[in-house]
Amino acid sequence: MAATRPIATTRTAAGMATGKLAVWWIVASEIVIFGGVLASYVMHRLAHEAWAEQAAHTNTWIGAFNTMVLLTSSLSAVLAHQAAERGDGPKAARLLYATVVGAVTFLIVKGFEWTEEITHGFTITSSTFWSFYYTAAGIHAAHVLGGAIIMLIVASAAKKGQELHRVELIGIYWHFVDVVWIFLFPLLYIAK
Amino acid sequence: MATQPSAPAHDAHDDHHHEQSFAQKYVFSTDHKMIAMQYMFTGMAMALIGGFFAYAFRMQLAFPGEAVPGFGVVSPADYNALVTNHGAIMIFWVAMPVLIAAFGNYLIPLMIGCDDMVFPRINRLSYQIFLLSALILLASFFVEGGGFGGAWTIYPPLSSKAQYSLTPLGATIFVGAVGLEFIAFLLGGINFITTAMNSRAPGMKLYDVPMVVWMIVVASILFMASVGPLIAGAIMLIMDQQLGTAFFDPDRGGDPVLWQHLFWFFGHPEVYVVLLPAMGIVAEIITVFSRKKLFAYRTILYTVFGTGVLSFTVWAHHQFISGIDPRMANVFTVTTLLISVPIAEMVFVYIATLYKGSITFTTPMLWALAFLGEFIIGGVTGIFLGASGADIYMHDTYFVLAHFHYTFFPIAIIGTFAGVTFWFPKMFGRLMSERLGKIHFWGTIIPFNCIFIPLFVLGMGGQHRRIYDYSNFPELAAMQPVREFATIALLFMLAFQFLFLWNFFRSMFTGPKAGKNPWNSCTLEWTADSPPPHGNWPEGLPTVYRGPYEYSHPDHDEDYWPQDEAPKEQPA
Amino acid sequence: MIESLVPSASTYAADIDFVFEMIFWMVTFWSVLTFGAFFWLLWRFRKGASPKAEYLSGDEEYPKKIISWAHMAVLVFDVVILFFAVRVWYQVKQDLPQPDHIVRIVAQQWAWSFYHEGPDGELGTPDDIAMNDELHLEVDQLYHYKLESRDVMHNFSVPVFRLKQDAIPGRVITGWFQPTQTGTYDVQCAEICGIGHGLMPATVVIESPADHAAWVQSHSPLALASVEE
């Protein structure tokens, strides 16, 4: 029904592309949500000495590996954007697929990590540290998954040379997902 | 200044719409005006439900233990569920959808001169999610254990453990419904901000934008910037409820006060989220009916920005005696009293708009003026509560309740009536009855004050909130006649609302036809047909040449100068 | 003003009432002026009396000056209110004068438990007196209360003291009051705590020194036990 776009979509009175404005709005909303989770975590952590003991059981190596995976995937997202800027849709799509591979790797590694931890008795109800751990990382993982799916949709259009501006937009979202992890990693894995 | 007209709306549009089915036009529309109507009617329906709840619990308060006609006997559990859902419904499912989503969706494209919102399908999705959230909330009354009854503030551990709330399913459904409503409005905000920023008509600078558009945009930003922590909190609360985590369980290392901070960090800016659109509506109306430019437009704008920022620094005034460090209370009482300064500024500036005007008292104008008057009372009574020392006594009493009804009622109800009576001719192409409108106005305002002034007195007398029967408290028993009086006043007020419904629906079908601009207003929406067709201006989108309130300009014959009227050629 | 509705029975009640009354008069003054201006403008500039409006941009001297003055007034009032409010707040909530006695107050769904010192004058000993829903106090003695909750948030509120404090499960919150008048007065729970929130009224019974001593003697569990023998 709404195949034709309204003229409203085509105007840029403020000089900023509409799609970019929309994505930044989404990112801003998410920053506040994750900000709430992280602020709650930090407040709790400061009030409970015993958490350090629980936090000692997270696997810093796996966390570091996943950090590397995400950072690399952000790199391929940047390269995808550059390719899209040059009009090279197929190359942008390939680089986006590489980013998705990074996302999937991240999620698989996390799957193994959590299985380990759960079988060792560290479940979501073991203590409030673990409740926060699974909740914060879980919400983040949901955003990784959602981002990956959207990325596949953008990539399939980019492959045909269509909607190339969306490569930058999903890239912005992906960097945000990365930055959230940059905050989570030290809070959950390093602060022991 | 550019004078070339914008391209006409695509003809391809019109071809499609000859064959639009009922479902396409009314149910699955992406047209901003239809989505606005959907929000408005859903909000009005929820208002009837929320109002019915108020009727039931006030009847219980006036005549404790007696069966309420249309409801039955109100048990203590019923009472708590009624007040809880009354509050939540009025804020989340009436004030927000009507003031922000309905008026925002309807007015923004029309007032900035474009054909629709930037993302019509996201717009439609936001309504669908909103409707779902309303249905989910209503469903909570029919599950085992009934609807949640732990107040709209949902404090744990009462809300997090079924053994305390006795509403195992209702509590989760309630929180889920609220969370979903948040998502709907975050999505809606995408459209408000991108459309207002980017889709303005050629020639419309930021300071030429009508105030209500600015207000809705700022409200959306405030909402977005404040709701995140509460979404996080809601997720944590649902996990406590259903998965047995202990985020808020003090027995296992959690902290119930954390919820309070997460809630009120949002809760306080939220009141400005709903206040701003109402003030925007009032601005549009008082300019038209005093034939005067809005006094100090930029001052209002900067004050609004300032208030928005300040609103993030006051939240713990809701928690003065709730166990926060008492030293923190001093910080928050300072910020809270300070915020009275920009609000007072806005009130003064609005009143100054009347100065040297030529005022006509139409129904919309009466509502707009009543908003100012009643809100002043609401605002000043907040000072008693913001002053920490006084709040020790006033917290959780009916004084608080009367204060926030003197702010929320003007916002949600008076603001809505003002906006509806003002833009009705544009929305439906017909005029409402002025006579019925004025009777409805007085029949609402007088009883409103009769309900809530007595409640201030009850609060001063130490009567606490959320108690279903005051006969258990000997010191409060003497005030029973006051409770009865307030309830009778409510019955009168509710009765007069039927007059509004009659006026509204009858005028929609048989009211006298309205032209494009029955109020002789300057803003762009009044240059489109009444009602505007799909695409709003099929003959070509307008270009703007001046600000939105050029009333009574000395260089112009007419006492209004529409924004899109091209300037006359200057003689050589 | 509050006193006309609720008796004043603690040492700080009058101070809290003073803050309320001061705010009331300031706010009334400001409101009367604002409403006065508001209604006067509506009357003076109604269409009948003012057929044509003037084009004012908001930069004009006269109305701007009035607004600035009004603005300053609001700020000054706020500062005065703040001073008194913070002073009372400190007095009631931050300060903790030396107590004559300590009481332990436990809130639960849906009743109050009050633990008083027994004849030995010490809380936490076997001769403590536990009462349901009745808090017995001696007039003019300074009390610390230790407030707890067994389950959800509650709030211990005694209107005649002008006192209120949330009870948070997992914490013990300490505060103080000093009763100044004998009598029996309401205690309300002031934080919604479930369906029985309105069903947990309690009373404070403020007694003269003699009456209170007699009550302590006769209600102490050791005294009662010895009576049974």
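How many residues of chain B are in contact with how many residues of chain A? The count is 50 residues of chain B against 35 residues of chain A. Two residues are in contact if their C-beta atoms, placed from the backbone, lie within 7 Å.

This is a predicted model: local features need pLDDT of at least 70, side-chain atom pairs count only at pLDDT 80 or more, and totals for chains, interfaces and linings use all residues. Residues are numbered from 1 along each chain as its sequence is written, while chains are lettered from A and ligands numbered from 1 in the order in which they are written.

**View 1. The side of chain B that touches chain A.**
This view shows the 50 residues of chain B in contact with chain A. The elements that give two or more residues to this side are α1 (11–17), α5 (120–139), α7 (168–198), α8 (211–243) and α9 (256–290) of chain B. Helices (H or I, at least four residues) and strands (E, at least two) are DSSP runs, numbered from the N terminus. α8(B) gives the most, with 12 residues. By class, this side of chain B has 28 nonpolar, 16 polar and six charged residues. Ala, Val, Leu, Ile, Met, Phe, Trp, Tyr, Cys and Pro count as nonpolar; Asp, Glu, Lys and Arg count as charged; the others, Gly among them, count as polar.

**View 2. Chain C against chain B.**
Two pairs of chains are in contact, and chains B and C share the most contacts. Chain C puts in 77 residues and chain B puts in 82. On the chain C side, α1 (13–44), α2 (61–94), β6 (154–158), β7 (163–167) and β9 (183–189) each supply at least two residues. The largest share comes from α2(C), with 18 residues. By class, the side of chain C that touches chain B has 46 nonpolar, 17 polar and 14 charged residues. Chain A and chain C do not touch. Their nearest C-alpha atoms are 14 Å apart.

**View 3. Chain C from end to end.**
Chain C has four helices and 10 strands. The C-alpha trace of chain C spans about 95 × 35 × 30 Å along its principal axes. The domain assignment gives domain 1 (13–94) and domain 2 (101–228) of chain C. Such bounds come from an automatic or database domain assignment. The centres of these two domains of chain C, taken over C-alpha atoms, are 43 Å apart. Of the 229 residues of chain C, 39% count as buried. A residue is buried if 20 or more other C-beta atoms lie within 10 Å of its own, exposed if 12 or fewer, and partly exposed in between; C-beta atoms are placed from the backbone.

**View 4. An open sheet in chain C.**
Five strands line up in the order β4-β10-β9-β6-β7 (chain C), with mixed pairing. Two strands pair if DSSP finds at least two bridges between them. β4 (134–138) and β7 of chain C stand at the edges with a single partner strand each, so one side of each has no neighbour in the sheet. Neighbouring strands are turned by 20° against each other on average, direction ignored. β6(C) and β9(C) pair in the antiparallel sense over two bridges. C:F156 stands opposite C:C189 in β9(C). Helix α3 (residues 209–219) of chain C packs on the sheet and touches β4 and β10 (202–207) of chain C. The direction of α3 makes about 130° with that of β4(C). Axes are lines fitted to C-alpha atoms, for helices over the stretch in contact, and angles run from 0 to 180 degrees between N-to-C directions.

**View 5. Two cis peptide bonds.**
One cis peptide bond joins C:Q109 and C:W110, with omega about -5°. C:W110 lies in the loop between β1 (101–108) and β2 (111–116) of chain C. Another joins B:S530 and B:P531, with omega about -5°. B:P531 lies in the segment after α18 (480–510) of chain B.
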